[in-house]
Amino acid sequence: MLEDECASAEVNDMDVMARLAAAVCGRRAKWLVVGFWIAVMALAYPLSAKLMGAQDNDAASWLPGDAESTRVVELQQEAFATGDRLPAIVVYERSGGITADDTAVAAAQTAEIGALDNVPDEVVGPIPSEDGEALQVIAEIDPGEGGWFEIGEVVDEMTEIIGDTPDGLSAYVTGPAGVAADFAEAFEGIDTTLLYSAMAVVIVILLLSYRSPVMWLFPVISAFVALTIAQAVVYLLAEYAGVTVNAQTAGILLVLVFGASTDYALLIVARYREELRRHEDRHEAMAFGLRRASPAIIASAATVAVGMLCLLAAQMNSTRGMGPVLAIGVVAGVLVMLTLLPALLVLVGRWVFWPVKPRYGSAEPTETGFWARIGQ
């Protein structure tokens, strides 16, 4: 009796998966799926582009939330900055003492700094030091939508302004804004580098796996869509839900989405290619292949997502914020790969596997050969 109930439950589950698979890759449904994801991309892409500006890369984002050092950073920000603004401190120094000409030059340059677009308030200084060998100028920088990378550009403008000083007078831009500019320079282009590197690795793997000059394109397109959706959702969480997102988290999200999505794509395409030899209709072949592959993919994605959410128990702000961000990346990857990728594949047909197209009724090559003998 128990065996009959288990068998019936399994059949019902398979029926559900079959209906879902048919709803994704049917003759008409595939167009609706592709159109749906195009519409989602139109909404998500502008939001994903704002993720860099929403990153929180100050010291507090890398520290435990209840640590004394975190509180010190917060007090410093409250004392020297307003909102997202950061103070840039310009220091002039001359061994032997600041001259009247030095003070005049510093005052003129202070006026130029105050005229910059990202310096909304009056600049303080120049303030002489007690020993008379230095001057200090304090200017608050409003990064706007550009985040800390915008701060780096403003600091570069300040550095250019103070570059013309009398002989013997040294000038530097320091303070929280100067530190942020150094970080921005260190991380500049890292997202692009990671994206291109991850894409290159994925393309090589897909070329070796499918031995087709065309097939690799569709998993990569789907992975890029998944990444864009994930970045858009993460941006909304960072902006409105207080989730901490920094450069480290954004970089790991990129690599994780591409890696996980590629894994799911390999399994889906392998099952689809098998079914193309058994079914003349490619829509039917994808429906069977997707029904066979999706339970394992969903189980894998759920395991990884739940594991990532365990990071919420971490004390480090950066690590704790990484949990929901990476879980969102995995969920976005599995949703896109189980819907958009199958729709794209049935849309283009068998030729995508050129030069070795799986023809209906042909023998399955994995049943013979070296690896088949190893398996046996």
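## Overall surface and composition

The accessible surface of the protein comes to about 19,600 Å², and carbon and sulfur atoms account for 60% of it; accessible areas follow the Shrake-Rupley method with a 1.4 Å probe, and for residues only the protein chains shown count as cover. The structure is a predicted model, in which local features need pLDDT of at least 70 and side-chain atom pairs count only at pLDDT 80 or more, whereas totals for chains, interfaces and linings use all residues. Residues are numbered from 1 along each chain as its sequence is written, and side-chain values use heavy atoms, with hydrogens and water left out.

Of the 376 residues in the protein, 43% are buried, where buried means under 20% relative accessible area, exposed means over 50%, and partly exposed lies in between (1.4 Å probe, protein chains only). Among contacts between residues at least 6 apart in sequence, 75% join residues at least 24 apart, a contact being heavy atoms within 4.5 Å.

## The four-stranded sheet

Four strands form an open sheet in the order β2-β3-β1-β4, with antiparallel pairing; two strands are taken to pair if DSSP finds at least two bridges between them. The edge strands, each pairing on one side only, are β2 (124–128) and β4 (170–174). Neighbouring strands of this sheet are turned by 20° against each other on average, direction ignored. For this value, axes are lines fitted to C-alpha atoms, for helices over the stretch in contact, and angles run from 0 to 180 degrees between N-to-C directions.

Strand β3 (residues 134–141) pairs with β2 in the antiparallel sense over three bridges, and leucine 135 in β3 stands opposite proline 128. Strand β1 (residues 86–93) pairs with β3, also antiparallel, over eight bridges; here valine 91 faces glutamine 136 of β3. Five bridges join β1 to β4, and these two strands run antiparallel. The bridge partner of valine 90 in β4 is valine 173.

Serine 261 is found in helix α10 (residues 247–276). This residue is buried, with a relative accessible area of 0%. Leaving aside residues up to four places away in sequence, serine 261 touches Ala223, Ala226, Leu256, Gly333 and Met337.

Side chains of opposite charge can pair when their charged atoms come close. A search of the whole structure finds four salt bridges, each defined as a side-chain nitrogen of Lys or Arg within 4 Å of a carboxyl oxygen of Asp or Glu. One of them links glutamate 274 to arginine 271, with the closest N and O atoms 3.3 Å apart. Because glutamate 274 and arginine 271 are three residues apart in helix α10, about one helical turn separates them. Glutamate 274 counts as buried at 17% relative accessibility, whereas arginine 271 is partly exposed at 23%.

Glutamate 275 forms a salt bridge with arginine 278, the closest N and O atoms being 3.0 Å apart. Glutamate 275 counts as buried, at 3% relative accessibility, while arginine 278 is partly exposed, with a relative accessible area of 45%. Glutamate 275 also forms a salt bridge with arginine 292, for which the closest N and O atoms are 2.6 Å apart. This pair links distant parts of the chain, with glutamate 275 in helix α10 and arginine 292 in helix α11 (residues 282–309), 17 residues apart. Arginine 292 is partly exposed, with a relative accessible area of 37%. Salt bridges that share partners join Arg271, Glu274, Glu275, Arg278 and Arg292 into one network.

## A nonpolar surface patch

Phe370, Trp371 and Ile374 make a nonpolar surface patch of about 420 Å². Patches consist of residues with over 30% relative accessible area and no salt bridge, with like charges joined within 9 Å and nonpolar side chains (Val, Leu, Ile, Met, Phe, Trp, Tyr) within 5 Å. Tryptophan 371 lies in helix α13 (residues 370–375) and is exposed, with a relative accessible area of 67%.
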